[in-house]
Amino acid sequence: MLKLRANNIDMLRMLHGKPVLAYKNFLIVSDVHAGVESRFRKEGMFLGGKLSAQLLNELVALKETQFDTLIILGDAKDDIYEVGDEVAEFYQELSKHFEIWIVKGNHDGNIESLAEINSKVKVFCAGGIVLDGKIGLAHGHCWVDEKLMLCDWLVLGHTHYLHTLKKST
């Protein structure tokens, strides 16, 4: 028999109107791509704002007293190889509000260097992690660990934003 608690904190759930999952004290997101603005600037494109700053504000606004850990299901940064200053600053600011768990994605080369400079960041292998023996979490760009296949729920990321360039007239 399924028992639901009045506050639903023990349920894996979407937060209304937000691309975020919540479970107990965890907020779960995917494909943050911190630092994407730098890549676009190098390619001669200006996004009209700071996407990372907007995301930071959204996440901090979502922080309720029960959420103390943010889990990122891969692609925590945009650059495949480097962790630039912009990315380090983003996670330094975010870590003022959350413990940060990063499950590695295909853009997360050298992401361990964040954990070396920030004790509130923990990095997990791309095979994924399991919460409470029943929720498997991974990025989804490679095969997940077998232990995730035994979970009641399997949550994968590896989603990407869509951008369109229009020629100005």
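Analyst: Let's begin with a term: two strands pair if DSSP finds at least two bridges between them. Strands themselves are DSSP runs of E with at least two residues, while helices are runs of H or I with at least four, and both are numbered from the N terminus. The model here is predicted, so local features need pLDDT of at least 70, side-chain atom pairs count only at pLDDT 80 or more, and totals for chains, interfaces and linings use all residues. Residues are numbered from 1 along each chain as its sequence is written, and side-chain values use heavy atoms, leaving out hydrogens and water.

Our strand is β4, residues 69–73. It belongs to an open sheet of six strands, ordered β1-β2-β3-β4-β5-β6, with mixed pairing. The edge strands, β1 (13–14) and β6 (121–124), each pair on one side only.

On one side, β3 (residues 26–29) runs parallel to β4, joined by four bridges; here Ile-28 has Ile-71 as its bridge partner. Strand β5 is also parallel to β4, with five bridges between them, and Ile-71 stands opposite Trp-101 in β5. To get from β4 to β5, the chain passes through helix α3 (residues 85–94) in a right-handed β-α-β crossover. Right-handed means that, with the strands pointing away from the viewer, the path from the first strand over the helix to the second runs clockwise.

Methods: Buried means under 20% relative accessible area, exposed over 50%, partly exposed in between (1.4 Å probe, protein chains only).
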